[in-house]
Amino acid sequence: MTGKLFDVPRQALAGLCALLALAGVIMLTAMADSTMQPLPASAPDGEFSAERALRHLERFATEPRPIGSRAGERARDYLAGQLRAAGLDVRVQRAVGANTSAGLASFGQVDNIVATAKGSDPTGTVVIAAHYDSAAMGPGASDDAAAVAAMLETVRALKGTALRNDLVLLMSDGEEDGVLGAEAFVREHPLGRKGGVLLNWEARGVSGPSLMFQTSRNNAGLVETFADAVPHPRGDSTLGELYRLLPNNTDFTPMAKNGFTGMNFAYIEGSSRYHTADDSLAHLDRGSLQHHGSNMLALTRALGGADLEALAADHDVTYFRIFGTMVTYPNALVWPLAGLAAAAVAGLAVLARRRRLVSLPRLAVAAASGVVPLLLAAALAQGLWEVLVAWRPAYDGMGGLLHRPQAFQAAVVVLAALALLCWYLPLRRRLGPGALAIGALVWPAALGLLCAQVAPGMSYVLTLPALFCALGGTAAILLRDAARNVAAFQVTAVTLGAVMAAALLPALARTAFDGMGLALGGVPALVLAIFGLTVVPIIELCLPERRQSLVPLATAGLAVLLVPIGLARDGFDPANPLRTHLAYVMDADTRTASWVSADAEPPAWTRRYVSGHDTRPLPPGYARGTSLWTGRAPATTGAAEPRVTVLGRDGDTVRLRVTTGRAARSVTLRVERPITAATAAADGLTPVSVDVTGVRSNTWPGEIRFRGLPGTGAEISLRVPGADRFRLTAIAETDGLQRVPGFVPRPKGVVAATREDGDLVAVTRTYEISAR
C-alpha cells in the first residue's frame, strides 16, 4: 500500500496553483506585519508625531553616550529639562548599579532620570522605561534614544489629560553595561521597590515594526489591554518564549524580577547597524519611531485610566496575529489544542489505512524518518555560515547580522527545500506519498506537544499547522470517495489546510532571520523545514513525472549559485561599512605599548597597526582570547593611569581604593585567581555587594568592572578564596584613539566593531596582593 492521498489530472498545474496560493498567503502576512507611516509635525496635538520626536533626537542623539561620558551628562541635562518643562516632578537618582555573570562583577555609577505625575484616583503606578545611554561605538539613535524621544513626545501628547493612575517615566543609565541603572532603581529607589505596570522600550536594529516581544508571567490582562488599545499591535507569544532561551536581557529583566508586571517592546530589523556608528539618525526608520510612539501613547492612556488591580491574572495567554487580526486564548487551551492536533493526525492515519492508502509499517518508518529533513536543513544552514565566514572572515565580527543578507537567506530557504527533497524522493517509491505526507505531520504535532510542556506560548505555531493540515488531508480522502471529478476540491482542501502553516511558519522564520542572523541560520532553516513537512502533498503535485532526481540537483545548484550572488551584493562600502576591532594597550609598569585587534582577519586599515599574534608584550592578564593580533605601538603620555591602594585585608577579602589620576571613564580589575564576591562603593553612595560564580574564559578567571568611574575613584572589595598571594592587573580605560601618536582615523566604509574593549586607550598596572 503505497498510495497517494489523492490523485488528480494535470497535477503540475494543480500544484503550481496551490503553491501560488500559499505564496500569496505568505506575502499577505508579511505585508500585514509592516510598520506605520510617520506623522508630520502638523499632526493633531493629541497624536504622536515622529517628526516632533525627531527634533528631540537631533538635540541629544548625535554622539555616543556611554555611561559616565560627557555626552551622557549633556543628554541627561537636556532630557531632565524637557520633562521639567512639561510639568513633571523630575529627580535624578545617582547610585551604584551592579550585575554579575560568570567570573565577572560589573558596577557603575548611574544617573537615572525619574519623572513623576500624580494620578487623580490611582489604583497603581504605570512606569514607562527606556535607557538614554548608548553603546560606546555609536550614537544609539535607535538603541535607545528613539524610545526616550518617544517618551518626551508622549508626555506632550498627554498634556491636558488627567490620568487616573500615577505615571513614572524612567530614563535609565548604564543599560548597555549590564542594566545597571534599572538594577539600582529597583534596589534603592522607593518607586522601584513599590512596583507597578512596566512598559519598557528597546531596539535591536534601526527599522521594522515595534514588536511586543516579552511579558511578565500571568499576562492575560496585559495582553488583552495591548490587543484592544494599540492601533497596530505587533508581536506574538513565540517571541517571548524564544527570548527566554537567549542570553540577552534588558531593563525589563531586573524590574520584572523585582515585582513589576508589564510588557517589553523593540524593533529588530536592520540589525547590522546595531551598536555601531550607523545606529544614527540617518539610518533610523521614521516609521519605526512612529510605531514605537503610537503604541506608547495608546498604552499610557489605556493603562493610565484602567483599574490596574483588575488586570491581575492567574494565567498566561497565547497571542499572535493572523491576517491582520490579533488572536488570543488562555494557555489552558494549549494542551487541548496540542492533543487535538495529534488526534487529527492520528485520525488521518487511520482513515488512510482503512482506505488502503498506507500500511502501518510504512507509516511508522515515514514518521520516524521525518526528523532527517529537520536535522539536515539546520546542518546545511550552519554549514553555509561556516563557508561564508571562511570566504569572508569579516562576517565573523558581525555575528551573522549582515547588511544585505537577502541572497543568503534565500539560500537557506533553498537548502531547507533541498533537505526535504533529499528525504522525500528516496523514500517516495518505497513508502508511498501518502505515508510520507502523514508521517511528516507527526513532527509538527509532536513538537507542538513538546512545546505545550516547555514553551506553551510557542505551541500554537506548530499545533495549528498540524491540525489544519491533518483536517485538509482528511477532507481530501473523504472527497475522494464521495464522487467523481472532485480533484479540484481535493487540491483545494489540502491547500486550505496548509494556509495556517503558510501564515505562521515563514513569518517565524523571517523573525528568526532578523533577530538571530545567519550565524544561527539553523533556526530559521529548521522552521522552514517544518513548513515543508506540512506541504508534502503539494510538493508531490509539483514533482515532474520523469527524471525526478534532477530536482534536488537543480535545487542544490540554485543554493550554490546564490552564494556568489550574495557575496557580490553584500560587499562593504561607505553605506554598508566593514567592522574592525582595535585597541591601544600600554603597560605603565614597563612603558611598553601595543596595538591589539580581535579580528579574525584584520582589514587593510587595521593592518597598519597589527602584524602578528605575539601576545607576550601585553600586560599580565590583559589578553582575552587565543588569536589576538598585535603590533608595536608608541608609548603615550598624559593618558589616565590606574592606581590601586590596599586598604586592608580580612581573611580572603581584600579592600582596595582604585583611582585613575586624570579620570578615565572606566576601570577593569583582572585577577589571576577566581573571585566569589565583590563590593563597590563611591563617595556618598550606598555600597553594593554581589556574589560571583564561575570563571571568565580565555583570560584570568576573575574580573571586576566599574563603569562611569567618578573622579574620586571607587572603593572595591573582592573575595579571593584560598589565595595568600595573587596578581591583579588594573586597566584604566579611556574612549577614543585619537590622542595616540601616529593614529590615523578609520576611512569611510570602516567602523568600530561592537566588542566592548575596542577603540579604548587601556593603560595597565599589575599589583601583587599578599596576606600582609
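The model is predicted, so local features are reported at pLDDT of at least 70 and side-chain atom pairs only at pLDDT 80 or more, while totals for chains, interfaces and linings use all residues. Residues are numbered from 1 along each chain as its sequence is written, and side-chain values use heavy atoms, with hydrogens and water left out.

Let's begin with the helices. Two packed helices are described by the angle between their axes and the distance between the axes. Here the pair is α7 (residues 220–229) and α10 (residues 286–304), whose axes come within 10 Å and cross at roughly 125 degrees. That angle makes α7 oblique to α10. Helices are DSSP runs of H or I with at least four residues, strands are runs of E with at least two, and both are numbered from the N terminus. The axes are lines fitted to C-alpha atoms, for helices over the stretch in contact, and angles run from 0 to 180 degrees between N-to-C directions. Under 35 degrees counts as roughly parallel, over 145 as roughly antiparallel, 65 to 115 as roughly perpendicular, and the rest as oblique.

Who touches whom? On the α7 side the contact is made by Thr225, Phe226 and Ala229, and on the α10 side by Ala298, Leu299, Ala302 and Leu303; contact means heavy atoms within 4.5 Å. These residues divide into six nonpolar, one polar and no charged. In this scheme Ala, Val, Leu, Ile, Met, Phe, Trp, Tyr, Cys and Pro are nonpolar, Asp, Glu, Lys and Arg are charged, and the others, Gly among them, are polar.

Now for the backbone. The peptide bond from Asp143 to Asp144 is cis, with omega near 10 degrees, and Asp144 is found in helix α4 (residues 141–157).

Two non-glycine residues with positive phi come next. Val179 has a phi of about 45 degrees and sits in the loop between β4 (166–172) and α5 (180–188). Val179 is buried, with a relative accessible area of 4%. Arg356, with phi near 60 degrees, lies in the loop between α11 (334–354) and α12 (360–369), and is exposed at 57%. Buried means under 20% relative accessible area, exposed over 50%, and partly exposed in between, using a 1.4 Å probe and protein chains only.

Finally, Thr693 is in the loop between β18 (688–691) and β19 (702–707) and is exposed, with a relative accessible area of 61%. Leaving aside neighbours within four places in sequence, Thr693 is in contact with Ser101, Ala102 and Gly103.
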